[in-house]
Structure formats: C-alpha cells, structure tokens
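Colleague: I am new to this structure and would like to go through it in questions and answers. Please show it before we start.

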Amino acid sequence: MAERLGVAIVGVGGAVATTAIAGIEMIKAGSNSLDGLPLADRDVAGMVAYRDLEFGGWDLADETLGACALRHGVIGEKELADGAAVLNQMRPWKAAGSTGYCANIDGTNKLGGGHRAAIEQIQADLARFKDEKKLDRVVVVNLASTERKPGDDSALQSRDAFEQGLDADDAAISPAMLYAYAAIDSGTLYANFTP
C-alpha cells in the first residue's frame, strides 16, 4: 500500500499555498497537463506520489481556500470548477498570528490563549488531521508571510529560557516559533519555507 502523507501548511490561505494545493488537486483529478512535471506521471521509489498527498493547515483568513485562491488571483473560476473544486470545501484551522512580527497580516481566524495553549491546539490539529485523513505521517511546512527578525531576547538564548518564555507568554517568541516547537515536540517533520 502507498504511503499517505499529510502536508499541514502554516499560511494555507496564502497565494503560494493555494497555488500548490490547486495544482496538486488538479493533477489528482486528471484535469491538469503533466507537461514539465517529470515525477507526476509515475511512481518514484522513496517518494510519495501526488495522489497520496493530503493538505490542511492554519491561516488567519476565515474563508475557504477556493475563495482565498480567487482573491489572490492564482487560479480562476474555470480551474476552481475543474479539478481544484476541493478547495471550496477546505477551510483553514485557527492560526497563531502577531502584527508585532508581521505588520501586514489580518484576519479573525485566530487561536486564543497564550503560547502553551497555541502549541497544544497546533498539536491537536496535527493529530486530528493524521487520524481523520488516515495518514501515515505528516509534515508541517511554513509558507506564512515572513516575520521580522527576532531580537537577542533572553527567551531565545537557550532551550530552558525558551521553555520559561513559553510559560510566561514572552513576546520575543514569534508565531513561527510556536509552529516549529509544536511540530518538533510532537515528532512531526518541520520545514521553514519562509525566512
């Protein structure tokens, strides 16, 4: 049996994420040409096939991924009706966000509580995603907007200081750090696409 991989995306409602998801879903539906995609038309040892990828993730936008993709102009109504229609049923999970780290973000789909509560919810989302989609494993990919560079705050100087900073809801700990910590702490692979 083929391995099923979940891709949990931070910033799932953004232009990069909705473009990638729409493209993969169109390939899965057979409505997209495979020209220029040498690995899409066959199984490759050691790689998960496109058909075995499942997507989910977090975003501050509280609208379907189809609406997000249209708003960003990455696909049109034709593509959304032809192969990428699954985006109309996909909604982002509540997200961690801070205008102190990324000034141009907006949205009401926010996690409540402090740092530890956010980590617990992110980990619960990962577990639910894996169970509901019957996935073999999950990877978290951060495609969210680039955050400002952190300072030399004491909470960022050691693991123990970071743990204390989490307990104190230290403002030096950014949303991206919460996602990374939640993934790594739960044994989930994490990739930071944005700087």
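**Loops, strands, helices and cores**

Modeller: Lys134 lies in the loop that connects α4 and β3. The model is a predicted one.

Colleague: Is Lys134 buried or exposed?

Modeller: A residue counts as exposed when its relative accessible area is over 50%. Lys134 has a relative accessibility of 66%, so the class of Lys134 is exposed.

Colleague: What is phi of Lys134 near?

Modeller: Lys134 comes after helix α4. Its phi is positive although the residue is other than glycine. The value for Lys134 is near 55°.

Colleague: Where is Asp169, another residue with a positive phi, placed?

Modeller: Phi of Asp169 is near 55°, and this residue too is other than glycine. Asp169 is partly exposed, at a relative accessible area of 41%. Its place is the loop between α5 and α6.

Colleague: What span should helix α4 have, given its 18 residues?

Modeller: Helix α4 covers residues 115-132, and each residue counts for 1.5 Å.

Colleague: Which residues of α4 are buried, and what do they line?

Modeller: The buried residues are His115, Ala118, Ile119, Ile122, Gln123, Asp125, Leu126 and Phe129. Seen down the axis of α4, they fall within an arc of 150°, so what they line is one face of the helix.

Colleague: Why can residues three or four places apart in an α-helix point the same way?

Modeller: An α-helix makes a turn with a set number of residues, and that number decides which side chains line up. Residues three or four places apart point the same way because a turn takes 3.6 residues.

Colleague: Which residues are exposed on the other side of α4, and what covers the buried ones?

Modeller: On the other side, the exposed residues are Glu120, Asp131 and Glu132. The cover over the buried residues of α4 includes β1, β2, β3, α5 and α6.

Colleague: How many residues of strand β1 are buried?

Modeller: On one side of β1, Leu5, Val7 and Ile9 are buried, and on the other Gly6, Ala8 and Val10 are buried, so that both faces are covered. The strand, residues 5-10, is therefore largely enclosed by the rest of the structure. The count of buried residues is six of the six.

Colleague: Which residues have the most contacts inside the largest nonpolar core?

Modeller: This core has 24 residues, and the elements that give two or more residues to it are β1, α4, β3, α5 and α6. Ala8 touches residues including Trp58, Trp93, Leu126 and Phe129. Another core, of 22 residues, lies apart from the largest one, with Phe55 and Ile75 among its members. Those with the most contacts inside the largest core are Ala8 and Trp58.

Colleague: Which residues of helix α2 are buried, and what do they pack against?

Modeller: In α2, residues 65-72, the buried ones are Leu65, Gly66, Cys68 and Ala69. They fall within an arc of 160° seen down the axis, so they line one face of the helix. They pack against α1 and α3.

Colleague: How many disulfides does a search of the whole structure find?

Modeller: A disulfide needs two cysteine sulfur atoms within 2.5 Å. The cysteine sulfur closest to that of Cys68 belongs to Cys102 and is 15 Å away, too far for a bond. Both residues are buried, Cys68 with a relative accessible area of 0% and Cys102 at 11% relative accessibility. The number of disulfides found is zero.

Colleague: What distance separates the C-alpha atoms of Asp160 and Leu80?

Modeller: Asp160 is in helix α5 and is exposed, with a relative accessible area of 56%. Asp160 and Leu80 are 80 residues apart along the chain. Their C-alpha atoms are separated by 47 Å.

Terms used
Residues numbered from 1 in each chain as written. Predicted model: local features only at pLDDT ≥ 70, side-chain atom pairs only at ≥ 80, totals over all residues. Heavy atoms only, no water. Buried < 20%, exposed > 50% of the residue type's maximum accessible area, 1.4 Å probe, protein only. Helix = DSSP H or I, 4+ residues; strand = E, 2+ residues; numbered from the N terminus. Expected span 1.5 Å × (residues − 1). Arc of directions from axis to C-beta. Contact = heavy atoms within 4.5 Å. Core = buried A, V, L, I, M, F, W, Y, C linked by side-chain atoms within 4.5 Å.
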